[in-house]
Amino acid sequence: MSHTYQVGTPLEEVAVKEVSFEIKNQSFTAIVGHTGSGKSTLLQHLNGLLKPTSGYLTINGHKITPETKNKELGDLRQEVGFVFQFPEAQLFEETVLKDIAFAPKNFGKSEAEALEIAREKAKLVKLPEAVLERSPFELSGGQMRRVAIAGILAMSPKILVLDEPTAGLDPVGRFEMMELFKQLHQKEGLTIILVTHQMNDVANYADHVLVMEEGQLIADTTSKELFSDPSWLKAHHLSLPQTTDFAYQLQQRGISFETLPLTEHELARFLAPKLNQRGKIDG
Ligand SMILES: Nc1ncnc2c1ncn2[C@@H]1O[C@H](COP(=O)(O)OP(=O)(O)OP(=O)(O)O)[C@@H](O)[C@H]1O
């Protein structure tokens with residue numbers, strides 16, 4: 001599929017060029033690439049916010065073509081939860097619980113049912129009980145974002161699409177947010193599709209990676225494969241996760257790795273026996 005903005009005007013811009021890929025059910029996919037490479041444009045096709053200007057996509061059995069009408073996309077929009085950048089900007093209700101209950105209520109649930117769903121989803125995103133009756137605007141940035149995410153989960157989506165969901169959070173908030181997505185993926189069985197600039201998050205959480213460059217898909221791979229080739233990443237001005245970079249630097253100083261580690265845990269597992277051995281020899 002391709003997407004061109006403002007076709008036929010002087011501002012015409014091909015944002016996504018003939019990309020073709022498959023995302024498996026219940027996978028955790030990261031989409032990476034520089035600013036302007038087409039990630040957000042691609043993402044907005046996944047629940048029909050944008051339609052391809054040529055080609056098609058099939059999501060959960062729903063085919064979207066340039067001719068697809070918005071009214072045909074109701075089911076898809078319920079099945080694909082879309083978390084925009086800074087989703088807390090869309091909070092508006094008087095209380096946290098009412099905000100989370102908004103969508104189910106709008107989609108025909110009774111007030112009591114919607115509030116019940118809201119309680120369940122608030123728990124799922126680990127909002128403390130004490131905040132549920134408070135105004136969402138009195139919460140911390142991280143908590144507000146959790147309210148917004150709970151509001152999307154209240155539609156019981158099968159696929160969660162996240163556009164830089166940790167932007168603007170502090171390191172602890174970022175970690176907790178990523179752990180939440182990991183839990184939603186592993187325990188709730190959600191398919192996660194995440195746009196991120198954080199290679200550490202790609203290494204720690206994603207199994208599948210799509211790399212965009214100037215509107216084209218230049219890699220469709222696993223995180224292990226992607227980070228095993230530092231020279232390819234360098235050629236495309238992409239960085240390595242911190243741990244992989246550290247291991248790569250060790251490798252350049254003569255310590256050989258079968259495959260470069262992606263996580264601190266993998267690096268520690270590799271280094272510990274070597275350092276223990278050194279200790280024994282030195283001692
Ligand atoms: N509504 C729009 N109208 C016209 N051009 C647009 C529009 N939205 C995006 N573009 C252009 O499409 C291209 C891809 O933008 P897109 O936002 O998809 O990239 P991105 O990889 O998500 O960038 P970022 O990492 O900064 O969010 C850019 O050249 C951008 O200027």
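What follows is a set of questions about labels, each answered with a value and a cut-off.

Guide: First, the ground rules. This is a predicted model, in which local features need pLDDT of at least 70, side-chain atom pairs count only at pLDDT 80 or more, and totals for chains, interfaces and linings use all residues. Residues are numbered from 1 along each chain as its sequence is written.

Visitor: How many helices and strands does the chain have?

Guide: The chain has 11 helices and 10 strands. Both are DSSP runs, numbered from the N terminus: helices are H or I with at least four residues, strands are E with at least two. The C-alpha atoms fill a box of roughly 70 × 55 × 30 Å along the principal axes.

Visitor: What makes Val211 buried?

Guide: Val211 has 23 other C-beta atoms within 10 Å. Buried takes 20 or more, exposed means 12 or fewer, and partly exposed is in between, with C-beta atoms placed from the backbone. So Val211 is buried. Of the 283 residues of the chain, 36% count as buried.

Visitor: Where is Val211, and which residues does it touch?

Guide: Val211 sits in strand β9, residues 208–213. Leaving out residues up to four places away in sequence, Val211 touches Val32, Gly33, Ile218 and Ala219. Contact means that two C-beta atoms, placed from the backbone, lie within 7 Å.

Visitor: Why is Ala130 called exposed?

Guide: Ala130 has 7 other C-beta atoms within 10 Å, so it is exposed. Its place is the loop between α4 and α5. From Ala130 to His34 it is 96 residues in sequence and 40 Å in space, C-alpha to C-alpha.

Visitor: What makes α3 oblique to α4?

Guide: Take the value. The axes of α3 (residues 96–106) and α4 (residues 111–124) come within 8 Å and cross at roughly 120 degrees. That angle makes α3 oblique to α4. The classes are these: under 35 degrees is roughly parallel, over 145 roughly antiparallel, 65 to 115 roughly perpendicular, and the rest oblique. Axes are lines fitted to C-alpha atoms, for helices over the stretch in contact, and angles run from 0 to 180 degrees between N-to-C directions.

Visitor: Which hand does the crossing of α3 and α4 have?

Guide: α3 passes α4 in a right-handed crossing. A crossing is right-handed if the near helix is turned clockwise from the far one by less than a right angle, left-handed if anticlockwise. By class, the contact of α3 with α4 has 10 nonpolar, no polar and 5 charged residues. Nonpolar covers Ala, Val, Leu, Ile, Met, Phe, Trp, Tyr, Cys and Pro; charged covers Asp, Glu, Lys and Arg; the others, Gly among them, are polar.

Visitor: And why is α3 called roughly parallel to α5?

Guide: The axes of α3 and α5 come within 7 Å and cross at roughly 30 degrees. That angle makes α3 roughly parallel to α5. The contact joins Val96, Asp99, Ile100, Phe102 and Ala103 of α3 to Val147, Ala150 and Gly151 of α5. By class, it has 6 nonpolar, 1 polar and 1 charged.

Visitor: Which residues of α3 are buried, and what covers them?

Guide: Val96, Leu97, Asp99, Ile100, Ala101, Ala103 and Pro104 are buried. Their cover includes α4 and α5 (141–153).

Visitor: How do you sort the shell around the ligand by class?

Guide: The shell has 2 nonpolar, 8 polar and 2 charged residues. Its members include Tyr5, Glu13, Gly33 and Lys39. A residue is counted if its C-beta atom, placed from the backbone, lies within 6 Å of the molecule. The largest share, 3 residues, comes from α1.
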